[in-house]
Amino acid sequence: MAPQPYELPDFYVPHPARISPFLEGARAHSKAWAYEFDMIDVPQQGRAIWDEHDFDSHDYALLCAYTHPDATGPALDLVTDWYVWVFYFDDHFLELYKKTRDMAGAKAYLDRLPLFMPVEGPITEIPQNPVERGLVDLWNRTVPSMSAGWRQRFIGTTEALLAESLWELTNISAGRVANPIEYVEMRRKVGGAPWSANLVEYASNAEVPAEVAGTRAMQVLSDTFSDAVHLRNDLFSYQREVETEGEVNNGVLVVERFLGCTPQRAADTVNDILTSRLHQFENTAVAEIPPLLAENLVGPQGQLDVLNYVKGLQDWQSGGHEWHLRSSRYMNNGGKAALGGPTGLGTSAARLLSSLVATAPYRLRSHSFQPFQPVGETPLPRFHMPYAAKRSPHLEQSRAHIREWALEMGLLDGTVWDAQALEDNDLPLCAAGIHPDATLEALNLSSDWLAWGTYADDYYPVVFGRTRDMAGAKATTRRLSELMPIEGAATVVPVTPLERSLADLWVRTAGPMPVDNRRDFKAAVDIMTDSWLWELANMFQNRIPDPVDYIEMRRRTFGSDLTMSLCRIGHGRTVPPEIYRSRPIRAMENAAADYACMLNDVFSYRKEIEFEGEFHNVVLVVQNFFGCDRDTALGLVDALMTARMQEFERLVAVDLPILFTDFGLDDEVRRILTGYAEELQNWMSGILVWHDGCHRYEEATLHARAAQPVGPLRSLGGANGLGTSAARLHLSRPAVAAPGPGTRPGRPTTPDLRPRHLVGARRSEGAS
């Protein structure tokens, strides 16, 4: 046997594993079921998938007995059949399509599977292979006892599990290893754990109530559960997948390539991410779920169902770990957690204490942030920016407009901003780079949205953070939502500058929209304002976020969802909705958003850490996770930014044309989507130019603002992305951009609009 590439790390297993008394019955049943559907000893297209020894040694019944210890006998039988089916699908797909690199055959194969999962009505398609026949049987046995809402969720996770297998196949064919952010995001879809979370609802007889099923807290429970399951699997399967099968879709390999480190260090890092995700799961379950149930008036039975669901997910984590220690499918013959050491239910419980002790330093570090630490000038990296910046010729007129608008709305009353703060922030400069081809009216609207978003993001910590007033923050957030009616007039009267300015923007932006677009637009604004409550909750706990949760929530706090929503609305109804939901488009949006978010965090590091006592910053989050210094964290963030930008470039150059072909899109849709990619390019390059050109992050500005009686302010978003596309409904796009002179009173002319690191030294480089 080949030596293991690394020792398995000390896993965080905070709950002892238990096992179902119905194990033997499930073993006998699932084996008979697999034989009935030709999954054992029946080659497919001349290729052997499983023989009886394979099936017995994998022992999927043991997996399900561990992961669903409280399920009834019949429920355990059905759940075990589902797992036999999904593992058979994985190996069937590997043999017939991954190993042969048959992309066309794989797509045709995957396109058929949703036909066997109707939300309502009978299955009409005729199954043609063991995967399809097994799916028909399982669907018909499962759905009668579950609600339509659960069926829809289960279909979604199953389709993601199946369809995103093409992403894995594409990576294998190209020999491409994903970047860490992309990998976690895609592994969550293709790995199947969200699907497993749905089956926990079935096995526990604890369906999540519809009124909370779609909330952020419930999604985080599913996401953290899924990430931990997948990363654990990657740690155990690295040797088989990477060294034997030539697989490139493995988290340990991803980290190994990204950090340029040994497999052992990569494995330890992946285990740290796994632990952090489980800490996030626990925090969400304890701190977010109880108030969520209370605020949504969930009844006693619904509350009990949610608690049993959470317990079921915990059982799955511990049971899944025990199964990985035993299954012949995985690397488990050595290392600290392998079968060579003591195992069993008693030692599973004994591992709880060592798990808590081993992970205590990171947990304590995450709650030990000391605000207002002097950090000095941040050395800016040479950002990878392949796109030349442009500038609107209407910049100076928009600057004049925003002074009048902000004064009229009351934003400059000194509570959060004054006139000097507005000048220092210079948000029309950002809008001019993001919308270089906009009309003056459209550019003014974009500048106003940017101003509102940045002001609002400053407002929440100043008004609610210092007083720890979560109730007031939630009340304000509800009022902001009510000021954006889908139809008719708002039911509340705007009172504060924050409310008056949003009410004005809503009428100007949403007024011309069709109702369905208005609904999407409102949802995007709500996502952003709700995310500021997440920041406040972390502040009140003094809890530095988990890295994965931070990156995903940062898109929301930055206003990225709103930006993308308004872009799509500005395209009209020409592009089919399913195209916007496709993997290449969503990946393109997320890569651009992550680049812009991290860019802002790099520029605002000193402002937030030293002057505002803030910890919602990716550099600090990375510092906390790795226990490293600022400059090491900064290097890692820069590498992540570069990886996300390179992914964006590849998506535009490679994946977008494939999408056009796969969906048979006409020339007009292709033109719109190509233009969308260009809009995102302008967004990223424009935000970089704004950070480099405004006074918001300069040392003199920071000291001046800190000296004011109102105290230090903060803004996570900077150029929040808010409204960066707000005017796209009104854009006029000439064929050739006409950059303006780029001047403003008291500032020297900057004739070259490229980021300064491309043409010379940055202003801040000499100040550190």
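How much accessible surface does the chain have, and what share of it belongs to carbon and sulfur atoms? The accessible surface comes to about 28200 Å², and 56% of that belongs to carbon and sulfur atoms (areas come from the Shrake-Rupley method with a 1.4 Å probe; for residues, only the protein chains shown count as cover). What you're looking at is a predicted model, where local features need pLDDT of at least 70 and side-chain atom pairs count only at pLDDT 80 or more, while totals for chains, interfaces and linings use all residues. Residues are numbered from 1 along each chain as its sequence is written, and side-chain values use heavy atoms, with hydrogens and water left out.

**The overall build**

- The chain has 32 helices and 0 strands (DSSP runs numbered from the N terminus: H or I of at least four residues for helices, E of at least two for strands).
- Of its 768 residues, 61% are buried (under 20% relative accessible area; exposed is over 50%, partly exposed in between, with a 1.4 Å probe and protein chains only).
- Take the contacts (heavy atoms within 4.5 Å) between residues at least 6 apart in sequence: 80% of them join residues at least 24 apart.

- The average pLDDT (the predictor's confidence in each residue, from 0 to 100) is 87, and 89% of the residues score at least 70.

- Searching the whole structure turns up 10 cavities of 30 Å³ or more (a cavity is a set of points on a 1 Å grid over the protein atoms alone where a 1.4 Å probe fits but cannot get out; lining residues have an atom within 4 Å of a point).
- The largest cavity has a volume of about 580 Å³ (the space filled by probe spheres set on the points, with grid points joined across faces, edges and corners).
- Its lining has 34 residues, and Phe87, Asp90, Arg187, Gly191 and Asn233 lie nearest the centre.
- H4 gives the most to that lining, with 9 residues.
- The lining of the largest cavity splits into 16 nonpolar, 8 polar and 10 charged residues (nonpolar: Ala, Val, Leu, Ile, Met, Phe, Trp, Tyr, Cys and Pro; charged: Asp, Glu, Lys and Arg; polar: the others, Gly among them).
- The second largest cavity holds about 500 Å³ of space.
- Pro180, Ile273, Pro547, Ile551 and Leu640 are the closest to its centre, out of 26 lining residues.
- For the second largest cavity, the lining divides into 21 nonpolar, 2 polar and 3 charged residues.

**Two residues to look up**

- Cys64 lies in helix H3 (residues 60-67) and is buried, at 0% relative accessible area.
- Leaving out residues up to four places away in sequence, Cys64 touches Leu76, Val79, Thr80 and Tyr83.
- Trp316 is 252 residues from Cys64 along the chain, yet their C-alpha atoms are separated by 8.5 Å.
- Gln44 sits in the loop between helix H1 (23-36) and helix H2 (52-58), and counts as buried at 12% relative accessibility.
- Beyond residues up to four places away in sequence, Gln44 touches Asp38, Ile49, Tyr88, His92, Leu96, Asn129 and Pro130.

Note on methods:
1 Å grid on protein atoms, 1.4 Å probe; cavity = no way out; pocket = protein on both sides within 12 Å on 5 of 7 lines; lining within 4 Å.
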